[in-house]
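Colleague: I've got this one open on my screen and I'd like a close look at one strand and its partners. Can you walk me through that part, then show me what else you'd point to?

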Amino acid sequence: MNGPRATSSSNGERPYNNLLRRLNSADYALIASHLSLQESAANDLLYNPGDDVDVVHFPCGPSLASYLVANEDGRDVETILVGREGAVGGIVSQGFLPAYTRIVVKFGGPFVKLPVGRLDAAKMQSLTLRNVFARYADCMMAQMFQSTACNAIHSIEQRTAKWIVSAMERKDDDAIVPLTHEQLATLLGVGRSYASRVLQTFKAEGTLETRRGAIVVRNLAALKARACLCNEQVKFHFDEVLQGVYPTQEPNAPAKAGVGGSPASPLSPKSR
């Protein structure tokens with residue numbers, strides 16, 4: 001596959017993706033030579049419904065991808081965000097299968113690409129590698145279940161706070177989230193004017209400010225107090241199933257045992 005390599009043969013550093021760092025050295029060696037790195041911009045399309053899923057995309061550093069489900073009224077509703085804790089496309093499937101949702105880049109930045117066929121071949125060679133990706137698929141399913149429950153029972157204000165906190169946890173700059181009113185409305189499944197009113201409420205409380213194309217958090221404790229606990233439930237499940245993979249807001253947090261790879265990386269390794 002064309003494009004710059006995602007690893008350096010001179011220092012053996014891994015990309016700043018926690019799922020890739022979770023692999024042991026032998027398992028990582030099975031796929032390392034097939035990884036390629038690309039820079040993706042916000043709103044870049046990774047898959048449309050019906051597309052053959054032939055590449056796995058691993059968000060690195062602050063990059064985020066999102067799953068969007070189209071509705072009959074023409075609106076897209078965002079279901080989950082995926083950052084450096086995981087990957088999108090062909091995680092557990094064997095062979096090329098059609099995508100069900102639209103998958104787009106939410107926050108631009110580095111993404112590592114791996115052909116699905118190469119991942120499948122590596123899984124055939126290693127039970128431990130297959131186990132890691134199966135565990136991640138379980139975590140992703142739990143995230144989808146939690147999102148469904150959240151949309152059904154929690155208020156727009158709670159969900160707004162949850163999404164902003166969730167995005168912050170995957171960024172290196174904790175205060176600024178590159179999220180527009182339109183993007184937030186898609187996350188919430190509401191109209192833009194409704195999302196804007198919720199943000200105005202938070203602004204009036206001094207919790208956050210808005211800039212062109214971004215939200216600036218001024219009082220993180222107040223924002224967390226407003227959020228539902230759905231994101232905490234997801235993090236708890238990640239730590240039970242794949243300890244050390246879900247990002248935290250702890251700067252310079254040491255890698256957990258078994259993560260593998262150097263704690264330093266050219267792709268912004270400021271936190272786990």
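Modeller: Start at valine 55, which stands opposite proline 115 in β7. This is a predicted model, so bear in mind that local features need pLDDT of at least 70 and side-chain atom pairs count only at pLDDT 80 or more, while totals for chains, interfaces and linings use all residues. Residues are numbered from 1 along each chain as its sequence is written, and side-chain values use heavy atoms, with hydrogens and water left out.

Valine 55 belongs to strand β3 (residues 55-59), which is joined to β7 by five bridges, the two running antiparallel. (A strand is a DSSP run of E, at least two residues, and a helix a run of H or I, at least four, each numbered from the N terminus.) Strand β1 (residues 36-40) is also antiparallel to β7, again with five bridges. There, serine 36 has lysine 113 as its bridge partner in β7. For two strands to pair, DSSP has to find at least two bridges between them.

Now look at how covered β7 is. Six of the seven residues of β7 (residues 109-115) are buried, so the strand is largely enclosed by the rest of the structure. Buried here means under 20% relative accessible area (1.4 Å probe, protein chains only).

Glycine 244 has a relative accessible area of 4%, which makes it buried. Glycine 244 and asparagine 18 are 226 residues apart in sequence, yet their C-alphas are 7.8 Å apart in space.

Helix α9 comes up again at the largest cavity, where it supplies at least two residues of the lining, as do β5 (76-82), α4 (127-153) and α5 (156-169). The count comes to one cavity of 30 Å³ or more, and the largest cavity holds about 140 Å³ of space. Among its 14 lining residues, Gln143, Lys162, Trp163, Asn231 and Val234 are the closest to the centre. A cavity is a set of points on a 1 Å grid where a 1.4 Å probe fits but cannot get out, and a lining residue has an atom within 4 Å of a point; the volume is the space filled by probe spheres set on points joined across faces, edges and corners.

Last stop: an open, antiparallel sheet of three strands in the order β8-β10-β9. Its edge strands, β8 (176-177) and β9 (208-211), each pair on one side only. Two bridges tie β8 to strand β10 (residues 214-217), with isoleucine 176 partnered by valine 216 in β10.

Technical notes:
Buried < 20%, exposed > 50% of the residue type's maximum accessible area, 1.4 Å probe, protein only. 1 Å grid on protein atoms, 1.4 Å probe; cavity = no way out; pocket = protein on both sides within 12 Å on 5 of 7 lines; lining within 4 Å.
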